[in-house]
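Me: I have a model open and want to learn how to read its features. Please take me through them one at a time.

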Amino acid sequence: MPALDDIFDEYELLDSEDRYRLLIDLGRKLEPMPDVLQTDATKVRGCAASVWVYPQRTPDGRLHFQADSNAAITKGIVALVLAAVQDKPAEEVARMDVAAALARFDLARQLSANRTQGIPSMIALVRDTAQRLAA
């Protein structure tokens with residue numbers, strides 16, 4: 001997964017149609033999530049599409065997420081959220097303002113409300129996981 005800054009550098013140069021393609025391509029770069037992890041327990045509430053996020057803590061204290069969605073654009077948004085936090089120490093993620101890191105993408109203006117309504121839920125899941133594991 002590319003770094004969030006690198007994604008933004010490309011994103012800001014594109015028109016809206018190409019931004020959709022970029023998000024879809026990001027979603028394709030997500031590590032495959034085994035079907036066995038796509039359960040009610042890993043499902044993110046508040047998303048119009050189905051989204052699953054499975055958090056893990058690596059032995060060195062970093063957060064690693066596996067995620068998937070049944071919608072291509074939504075999967076790209078999930079990838080964007082994960083690009084901000086993937087494989088960072090839990091303590092760092094717990095202090096991070098993920099919404100602020102994503103604000104420059106102006107997703108609410110670029111995408112329909114249906115596609116962006118689950119972003120706060122995904123961010124909350126990431127933040128809550130980080131705070132719990134950092135404690």
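Me: Is D5 buried or exposed, or in between?

Reply: Relative accessible area decides: under 20% is buried, over 50% is exposed, and partly exposed lies in between (1.4 Å probe, protein chains only). D5 has 47% relative accessibility, so D5 counts as partly exposed. This is a predicted model: local features need pLDDT of at least 70, side-chain atom pairs count only at pLDDT 80 or more, and totals for chains, interfaces and linings use all residues. Residues are numbered from 1 along each chain as its sequence is written, and side-chain values use heavy atoms, with hydrogens and water left out.

Me: Which residue forms a salt bridge with D5?

Reply: Side chains of opposite charge can pair when their charged atoms come close. The rule for a salt bridge is a side-chain nitrogen of Lys or Arg within 4 Å of a carboxyl oxygen of Asp or Glu. Here the partner of D5 is R104, with the closest N and O atoms 2.7 Å apart. D5 sits in helix α1 and R104 in the loop between α5 (98-103) and α6 (107-110), so the pair ties together parts 99 residues apart in sequence. Helices (H or I, at least four residues) and strands (E, at least two) are DSSP runs, numbered from the N terminus. R104 is partly exposed, at 36% relative accessibility.

Me: How many salt bridges does the structure hold?

Reply: Nine. One of them joins R62 and D60, at 3.4 Å from N to O. R62 is partly exposed at 33%, while D60 is exposed at 57%. Another joins D128 and R127, with closest N and O atoms 3.8 Å apart. D128 is partly exposed at 41%, and R127 is partly exposed at 33%. E17, D18 and R21 are linked in a network of salt bridges.

Me: Which residues touch the most other members of the largest nonpolar core?

Reply: A nonpolar core is a set of buried Ala, Val, Leu, Ile, Met, Phe, Trp, Tyr and Cys residues joined through side-chain atoms within 4.5 Å. The largest one has 39 residues, and L80, V85, F105 and L107 touch the most other members. The elements giving two or more residues include β1 (51-57), β2 (63-69) and α8 (119-134). The largest share, ten residues, comes from α3.

Me: What does F105 touch?

Reply: Contact means heavy atoms within 4.5 Å. Leaving aside residues up to four places away in sequence, F105 touches L4, I7, F8, Y11, L80 and Q110.

Me: Which residues line the second largest cavity?

Reply: Y11, S16, R19, Y20, L23, Q110 and L111. The space there is about 30 Å³. Helix α2 (residues 16-28) gives the largest share of this lining, four residues.

Technical notes: On a 1 Å grid over the protein atoms alone, a cavity is a set of points where a 1.4 Å probe fits but cannot get out, and a pocket is an open set with protein on both sides within 12 Å along at least five of seven lines; lining residues have an atom within 4 Å of a point. Grid points are joined across faces, edges and corners, and a volume is the space filled by probe spheres set on the points.
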